[in-house]
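Dear colleague,

I am passing on the structure that we spoke about, with some notes to read beside it.

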Amino acid sequence: MKSIAIIYHSHQGHTQFIAQQIQVSAAQIKDIKIDLFTAEQLISQPELLIQYDGLIWGTPTYLGGVSGTLKQLMDATGPLWKKQEFKGKLAAGFTVSSLPAGDKQSTLISLFTFCMQHGMIWIGNPILPEQHQGVPYTQAANRLGSWSGLMAQAQHSSTADAFDFGDIKTAQLFGQNFAFNLSAYQGVMIT
Ligand SMILES: Cc1cc2nc3c(=O)[nH]c(=O)nc-3n(C[C@H](O)[C@H](O)[C@H](O)COP(=O)(O)O)c2cc1C
């Protein structure tokens with residue numbers, strides 16, 4: 001049995017909704033256990049994450065970067081970095097923002113860099129944008145065209161109707177892909 005922690009910050013619930021989509025879809029892969037954590041739960045005890053094989057990090061995009069709350073958690077992992085406690089874990093990132101671009105890419109780059117500093121192995125979002133195959137834009141998987149991580153765009157409405165179906169589908173495929181990779185992963189060679 002391998003395990004995944006999905007770690008996120010969400011003030012208005014949109015990022016939480018996407019985290020839940022990832023959780024449900026990843027759980028479809030056999031023998032994978034998945035737990036959800038808010039950043040707030042972990043800031044004082046980031047060492048809880050050492051026991052997991054895969055870590056998926058999520059945050060709203062705030063002013064082109066990660067939210068302050070997620071950054072607090074990232075910084076709290078400093079002592080774990082010194083011992084490279086996350087080395088060799090699979091990692092991935094997702095972000096939600098209100099604008100189509102909204103500088104989500106720079107948020108993903110921050111998450112990627114953080115995971116690389118910890119010696120983790122990054123899993124992207126290898127999904128061809130389905131609108132190129134004639135699927136209507138709002139229904140299309142990876143309609144926002146992000147391969148480095150998962151992006152989703154939230155309207156300013158409640159979490160239930162904030163997302164186009166395409167972004168929900170992308171989150172589900174992203175979760176399945178991560179869990180599938182984790183199920184086959186043997187770990188790093190260099191210790
Ligand atoms: C301080 C702040 C900064 C934001 N900056 C951006 C931004 O740079 N780009 C963008 O598209 N949306 C931005 N937004 C909108 C949020 O990313 C968006 O509302 C998101 O859905 C919030 O996620 P949550 O519901 O999980 O809290 C910002 C919102 C706040 C409060």
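This is a predicted model: local features need pLDDT of at least 70, side-chain atom pairs count only at pLDDT 80 or more; totals for chains, interfaces and linings use all residues.

Residues are numbered from 1 along each chain as its sequence is written, and side-chain values use heavy atoms, with hydrogens and water left out.

A pocket here is an open set of points on a 1 Å grid over the protein atoms alone, where a 1.4 Å probe fits and protein lies on both sides within 12 Å along at least five of seven lines; lining residues have an atom within 4 Å of a point. Volumes are the space filled by probe spheres set on the points, which are joined across faces, edges and corners.

The largest pocket holds about 200 Å³ of space, and among its 14 lining residues Gln12, His14, Pro60, Tyr62 and Val96 lie nearest the centre. Helix H1 (14–26) and strand E4 (90–97) are the elements that give two or more residues to this lining, where helices (H or I, at least four residues) and strands (E, at least two) are DSSP runs numbered from the N terminus.

The second largest pocket holds about 180 Å³, and its lining includes Trp81, Phe114 and His118. Helix H5 gives the largest share of that lining, four residues.

Four aromatic pairs were found in the whole structure, a pair being rings of Phe, Tyr or Trp (its six-membered ring) with centres within 6.5 Å, called stacked if the planes are under 30 degrees apart, edge-to-face if over 60 and tilted otherwise. One of them, phenylalanine 17 with phenylalanine 163, is stacked, at 5.4 Å centre to centre and 10° between the planes. Both of these residues, phenylalanine 17 and phenylalanine 163, are buried, that is, under 20% relative accessible area, with exposed meaning over 50% and partly exposed in between (1.4 Å probe, protein chains only). Tryptophan 57 and phenylalanine 114 form an edge-to-face pair, 4.9 Å centre to centre with 85° between the planes. Because tryptophan 57 lies in strand E3 and phenylalanine 114 in helix H5, this pair ties together parts 57 residues apart in sequence.

Finally, leucine 63 has a positive phi, near 50°, and counts as exposed at 94% relative accessibility. Aspartate 103 also has a positive phi, of about 65°, and is found in the loop between E4 and H5.

With best wishes
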